[in-house]
2 protein chains.
Amino acid sequence: MPETPASSSDATFLADFHRVATIGATDNNGVDRQAATPEDAQTRDWMRTWAQSHGFEVRVDAIGNMFACLEFVPNAPYVLIGSHLDSQPLGGRFDGAYGVIAALFAALRIKEDVAEAGPTPKYNLAVVNWFNEEGGRFAPSIMGSSVYAGLFDLEEMLAVRDLEGTSVAEALSAIGCAGTDTPPEAISYAEIHIEQGRILEREATDIGVVESSWYTQKLDIDVIGEQSHTGATAMADRHDALVSGAKVVLAVHDVTNEFAEEALVSSVGQHVVEPNSPIVVPRRVHMVADLRSSDPEIVRAAREILLRRIDDIARGHDITINVEDFDIREKRFFPEAGVELAEKAVANEGLTIRRLETMAGHDSVAMNARVPAVMMFVPSVDGVSHCEREFTTDEDMVRGVGVLTRVAGELVHGELAGERDGEVWVGRSVRTGEKAQR
Amino acid sequence: MPETPASSSDATFLADFHRVATIGATDNNGVDRQAATPEDAQTRDWMRTWAQSHGFEVRVDAIGNMFACLEFVPNAPYVLIGSHLDSQPLGGRFDGAYGVIAALFAALRIKEDVAEAGPTPKYNLAVVNWFNEEGGRFAPSIMGSSVYAGLFDLEEMLAVRDLEGTSVAEALSAIGCAGTDTPPEAISYAEIHIEQGRILEREATDIGVVESSWYTQKLDIDVIGEQSHTGATAMADRHDALVSGAKVVLAVHDVTNEFAEEALVSSVGQHVVEPNSPIVVPRRVHMVADLRSSDPEIVRAAREILLRRIDDIARGHDITINVEDFDIREKRFFPEAGVELAEKAVANEGLTIRRLETMAGHDSVAMNARVPAVMMFVPSVDGVSHCEREFTTDEDMVRGVGVLTRVAGELVHGELAGERDGEVWVGRSVRTGEKAQR
């Protein structure tokens, strides 16, 4: 690989990364750039300006995905590389944004390489910023890439509303990002992301490559009690939805103890109390529980235990608790040829690598359902993410850009494209949006 | 007492009561008329129109209390009778509104009685609609009467904000009810209200008269964990504010088991989770707990037990939980002469009465700190309140209007006025807004 010219140098990458981190910056070094907010719009504007000034053609599709395209071969399909620029509320500045900016610089290096009379690529290349990966404002998460991959219905997603009642369609229009462009057709996909765990840090390994994603599902839990006066209602006459709800929250937490340590993770992240008045016994608690495991059978068993426990709570308090399954995402395997491609690239960079699983969902998991995908991680300090103190060192970020550049370079020259229907790719189809009334 | 003329007849009272119940009506026979909302404004407009058309002079003070005044004796102080027209979210149609409309009809009967050459009253008479008794939108509750009674500071209350960030001052201006009138000076106070308990119903007694109010206090509890990714954070690395918060909710509930049955009531009514995203482990839960007992020592002992338990929860989960005391309302006794006045009036109406305590706060409890007050209850079916199925029969409502008319008639002729400094009134001063950082 030739020496990196100034326009795509590591120093320029770092300067741009840290500049983007000032958009929607929070007091404690995080960012707050939820999907289709003014802060999200600012990062999108930054990407558009950067891409156009470096000779990329920018397209925006109907769900707000942004593609910065480089056409090497007319009418050939595209290798897509990227991640997402949106964040959680009070989120970290690395999650997603690192992957998009790393991809911009990797693509620029490949463009410069090709321009310097390198071998002509077989495929074109585009950097993508997927819309609403985080799902903090609009559920489900991983929305833009799942629509692109054909896993979610476009119209259904445009109709999703946030807690204020604003739809995705309205929010995209409000920031001028309800696109009309046809997105580039993908042939393969690569993404680099922070690990959000502590395996790489603990083992002092430079890069992780993902072999498979965890099985995940959510439970929509609606606890229906009866509203009454906190001061005038005898304890025996109350049907307090929050007391029952608290027991459900603890049941969701405690079910992890039924399995091997860290074999199952669970939590309640969304939890809304009605009417939420200091002197009214709550009538309703609506919550979303999230269950994840490498082993689908563990999630299914945990779900069964929880349903029984929730039934006991409802009977014990003479209230109604409705539970619905949704957002079920099957365990998926990434193609072995992609894992080996990452291993080779890392070796050529003189770095170390290990294989691992991802507990978190990613755009690459959705894309892997459509085209062969490669998913790589750089280390996260303390393994924390979705919070302001999320951190990855400049050195690790720069290493990741080098590895992604090598992987993307192989992909545009045809690697992995044939694996799409190969037997090594054993992923099952993703089911989602499935609801089973209990 | 002469036969009731048509304009103040029981049938007219019931027709007006049920008409007001259509304002802000909900699907299940309740009302939603939180303080200073458009629905609250509509009931206030109804009262203004009714009062002016029946010859009352309407005044509105700076905290939005409405007074419908009848001047019998120039420059004499006023007997105040009334309650509140605001409701809880999805509240009942009787709580508060019954007392205001009953007072309007009682005042009209007294006015008609005086006009028919009855004895000249010693004092004037005004019907009051106290602002924001419920406190569902703006805490603390019992706001308007507490400002009038000198227990809360006017400017401090005007600056209180709802969960959307709107101040009381802004909300009052928005509905055109930021008054500038000097309120009438009170000499005594009477109120009739639904019981919100089931003692009268169980004992088949027509009227309750309140001897004392329960000791109450609130705890502001702030659980500070750390935000992280629900899918990527090992269970052992989480500091989930909602899991700890759920244990606090259960501790607040379970502390009642440490005392005799129903000697203490407790609950968490307000409970907000941040950031409230389905795939983020919560960083913060902010809640308000409400503790009430007839015996102040029981509340103090329960508070001590809770503080120790909360401390254990915080240590066990390595998170921070801040607790502040606020809205402490001392146990208060109503003047014995007022209780006896109610008993006499009930006997003269040929009805039955019993003495009881009130677990709930009322405007009369605040007013009793300023002038001698009489508080009476009519039965509540099933004892439920602050909910849509709150119910009192027409017959019981009509009986209450008769009793209130007799009591108010005695008050305007000078009864109870001398008790203000009498030794039978043994109430202690109300402390409120007191905060102790823990």
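**Note on the predicted two-chain model**

1. Ser212(B) is in contact with Lys331(B), Arg332(B), Phe333(B), Phe334(B) and Glu357(B), neighbours within four places in sequence being left aside; two residues are in contact if their C-beta atoms, placed from the backbone, lie within 7 Å. Between Ser212(B) and Phe334(B) the C-alpha to C-alpha distance is 5.6 Å, although 122 residues separate them in sequence. Ser212(B) belongs to strand E6 (residues 207-213) of chain B. Ser212(B) counts as buried because it has 20 C-beta neighbours inside 10 Å; the cut-offs are 20 or more other C-beta atoms within 10 Å for buried, 12 or fewer for exposed, and partly exposed in between.

2. This is a predicted model, in which local features need pLDDT of at least 70, side-chain atom pairs count only at pLDDT 80 or more, and totals for chains, interfaces and linings use all residues. Residues are numbered from 1 along each chain as its sequence is written, while chains are lettered from A and ligands numbered from 1 in the order in which they are written.

3. Chain A is divided into domain 1 (6-214 + 332-421) and domain 2 (215-330), with bounds from an automatic or database domain assignment. The C-alpha centres of these two domains of chain A are 34 Å apart. Contacts between them involve six residues of domain 1 and nine residues of domain 2. On the domain 1 side, three of the residues are nonpolar, one is polar and two are charged. Here Ala, Val, Leu, Ile, Met, Phe, Trp, Tyr, Cys and Pro count as nonpolar, Asp, Glu, Lys and Arg as charged, and the others, Gly among them, as polar.

4. Between the chains, 56 residues of chain A are in contact with 56 residues of chain B. E9(A) supplies the largest share of the chain A side, seven residues. By class, that side holds 25 nonpolar, 24 polar and seven charged residues.

5. The largest nonpolar core has 95 residues, and those touching the most other members are Ala68(A), Leu104(A), Ala107(A), Leu404(A) and Ala408(A). Such a core is a set of buried Ala, Val, Leu, Ile, Met, Phe, Trp, Tyr and Cys residues joined through C-beta atoms within 7 Å. Helix H3 (residues 97-115) of chain A gives this core its largest share, twelve residues; helices (H or I, at least four residues) and strands (E, at least two) are DSSP runs, numbered from the N terminus. A second, separate core of 94 residues includes Tyr123(B) and Leu416(B).
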